[in-house]
Structures are given as structure tokens and as C-alpha cells.
Amino acid sequence: QVQVEESGGGLVQPGGSLRLSCTASGFTLNYYAVGWFRQAPGKEREEVSCISSVGGSANYTDSVKGRFTISKDNAKNTVYLQMNSLKPEDTAVYLCAADARAACTVERGLVGNMNYWGKGTLVTVSS
């Protein structure tokens, strides 16, 4: 079965950290562009970060630059999103998506449609 699954969400205080994982099954994630998205209540889904299939080029939305880091572990078929200095406005359901035909560019982020989506993991930043 081809799928991606997120994990690592939870409740954290402002200023805290979490590491989200996006693990693929049924395909090799290294050959796919991978993106992290988030959707807060009442808001549209936004792209947070992406990483390219080769070379490891990454992109971040302005609101998370300097706080979030995307990385991949090919041996574990997993892409991570390390989130530091979390703020209440980071509260959202975080989803990962992957596609072999999409690309992640440093300048523009993800280009192309994402076909494989996880169900999401909830991150709540609150004191």
C-alpha cells in the first residue's frame, strides 16, 4: 500500500520544540519531492516547507524561517520537520505530501501537484 503517515504532533508550550515525521510506505521517499503543509481552524491550507527529491534543496515560508528545519533520512524513508521556538500561531494540523513529478525549488517552493497525502498530525502551541 502506497501511503505517507505523519507523526510527532502534540501539545507544547510557546518557545518549545517538536519534531514531526513523515514516513512513506510502498515507495522510496528519496525520489519524491516532499512538502509539509498546515491548516489552522478557519484558515486555508498553507505550504510550510519542502525538500527536493535530490540534492536536498529546501524552501520555507517566511513565518517559519530560522525556526523550522526540514530534513530527510533515506535509510528510514522519512522526512522530518524540526520545529523550534514555537508560537501559538503555529497551531494547526500539519500534513505531509509527496510526489515524484513535483519539484521543490529554493525560490518558489513546491511546483506541481502532490498526489500522496497523509492524514495529518495536530500541533497545539499553548500555555
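Me: How many helices and strands does the secondary structure of the chain come to?
Reply: The chain has zero helices and 13 strands. Here helices (H or I, at least four residues) and strands (E, at least two) are DSSP runs, numbered from the N terminus. This is a predicted model, in which local features need pLDDT of at least 70, side-chain atom pairs count only at pLDDT 80 or more, and totals for chains, interfaces and linings use all residues. Residues are numbered from 1 along each chain as its sequence is written, and side-chain values use heavy atoms, with hydrogens and water left out.

Me: What about the radius of gyration, against a compact globule?
Reply: A compact globule of 127 residues would have a radius of gyration near 14 Å, and the 13 Å of the chain agrees with that. The radius is taken over C-alpha atoms, and the globule rule is 2.2 Å times the number of residues to the power 0.38. Along the principal axes, the C-alpha atoms fill a box of roughly 40 × 30 × 30 Å.

Me: Which share of the residues is buried?
Reply: Buried residues make up 43% of the 127 residues. Buried means under 20% relative accessible area, exposed over 50%, and partly exposed in between (1.4 Å probe, protein chains only).

Me: How many bridges link E3 and E8?
Reply: Strand E3 (residues 18–25) and strand E8 (residues 78–83) pair over six bridges in the antiparallel sense. Leu-20 stands opposite Leu-81 in E8, and Cys-22 has Val-79 as its bridge partner there.

Me: Why is E8 described as largely enclosed?
Reply: Five of the six residues of E8 are buried, so the rest of the structure largely encloses this strand.

Me: How do E7 and E8 run, parallel or antiparallel?
Reply: They run antiparallel, joined by six bridges. Asp-73 is opposite Thr-78 in E8. The two strands form a hairpin with four residues between them, and Asn-77 in the turn has a positive phi of about 55 degrees.

Me: Which residues does Leu-29 contact?
Reply: Leaving aside neighbours within four places in sequence, Leu-29 is in contact with Cys-22, Ala-24, Val-34, Asn-77, Thr-78, Val-79 and Ala-98. Contact means heavy atoms within 4.5 Å. Leu-29 lies in the loop between E3 and E4 and is buried, with a relative accessible area of 3%.

Me: Where do E4 and E5 lie, and in what sense do they pair?
Reply: Strand E4 covers residues 33–39 and strand E5 covers residues 46–51, and they pair in the antiparallel sense over five bridges. In E5, Glu-46 is the bridge partner of Arg-38. The hairpin of E4 and E5 has six residues between the strands, and Gly-42 in its turn has a positive phi of about 80 degrees.

Me: What comes after that, between E5 and E6?
Reply: E5 and strand E6 (residues 58–60) pair in the antiparallel sense over three bridges. Cys-50 stands opposite Asn-59 in E6. In the hairpin of E5 and E6, Gly-55 takes a positive phi near 85 degrees.

Me: Is Ser-49 buried or exposed?
Reply: Ser-49 counts as buried, because its relative accessibility is 0%. This residue is in strand E5. A polar atom of the Ser-49 side chain lies 2.9 Å from the backbone oxygen of Asn-59. Not counting residues up to four places away in sequence, Ser-49 touches several residues, including Trp-36, Tyr-60 and Ile-70.

Note on methods
Pairing = 2+ DSSP bridges. Polar contact = N/O pair within 3.5 Å; in protein donor to acceptor, adjacent residues only side chain to side chain.
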